[in-house]
Amino acid sequence: KNKVKELSARIEFDRKNGRSSSDNGHHMCLFGNPGTGKTTIVKIITGILYKEGIIRYNQFLETDGNFLRGDTARETNEKINLLVRFAKGKVLFIDEAYAMFSGSAYASQDVIATLIKLMEDHRKEFVLIVAGYEEEMKQMIEANPGFKSRISTYLHFPDYSNEELCQIFSTMANAKNLYVPAETMERLSKRFA
């Protein structure tokens, strides 16, 4: 939450001072396990980018790396080009982004090169947000220095603690007017552990 507030404040500060808020565009990388809130934050970030005039539409186009992976590097590159075309004026959100780079090392490098070129050529036309497991995403980012230099924001999403999961469960139950006895919460905490 603090990082998102910081991002919003930085964009607003730069805008008020007549500066481009990012020479590298606003591309981002989100690290974290499933269920940690990455997609929810992408929705919030999309709204901020729209409000600040970084993107023309308050929309994000979501896909995953498995969808983008083609049988050949050429097929994958065609899919990436097509998505970027549809994402102009919006956020392109690729979950499990590392999956599109599986396969031969040569094909992976070709895909990375294509993505980097699109990020550079269209940096003021769309925002790329990639997400996935921390180790896999780090390997993907480190695969090409050009990739790393074009991503301006990195957000880490830690797993929820047992206490936080119980609080989320209790909040959801209360929203549906359900009472959760202390004994149930105790069992639930053990299950989460």
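This is a predicted model: local features need pLDDT of at least 70, side-chain atom pairs count only at pLDDT 80 or more; totals for chains, interfaces and linings use all residues.
**Entry 1: I41**

I started with I41 and found it in helix α2, which covers residues 38-51. Is I41 buried or exposed? Its relative accessible area is 15%, so I noted I41 as buried, the cut-off being under 20%. Next I looked up its contacts: leaving out residues up to four places away in sequence, I41 touches V4, L155 and F157. I also checked the spacing to V4, which is 37 residues from I41 in sequence, while their C-alpha atoms lie 8.1 Å apart.

**Entry 2: charged pairs**

A reminder to myself: side chains of opposite charge can pair when their charged atoms come close. I counted ten salt bridges here and looked up a few.

R74 and E78 form one of them, with 3.3 Å from N to O. Both residues sit in helix α4 (residues 73-87), four residues apart, or about one turn of the helix. I noted R74 as exposed at 65% relative accessibility, and E78 as partly exposed at 44%.

Then I turned to E120 and R150, whose closest N and O atoms are 3.2 Å apart in a salt bridge. This pair links distant parts of the chain, as E120 belongs to helix α5 (residues 105-121) and R150 to helix α7 (residues 145-150), 30 residues apart. E120 is partly exposed at 30%, whereas R150 is buried at 19%.

My last stop was K148, whose side chain meets that of E142 in a salt bridge of 3.1 Å, N to O. How exposed are the two partners? K148 counts as partly exposed at 41%, and E142 as exposed at 51%.

How values were computed: Residues are numbered from 1 along each chain as its sequence is written. Side-chain values use heavy atoms; hydrogens and water are left out. Helices (H or I, at least four residues) and strands (E, at least two) are DSSP runs, numbered from the N terminus. Buried means under 20% relative accessible area, exposed over 50%, partly exposed in between (1.4 Å probe, protein chains only). Contact means heavy atoms within 4.5 Å. A salt bridge is a side-chain nitrogen of Lys or Arg within 4 Å of a carboxyl oxygen of Asp or Glu.
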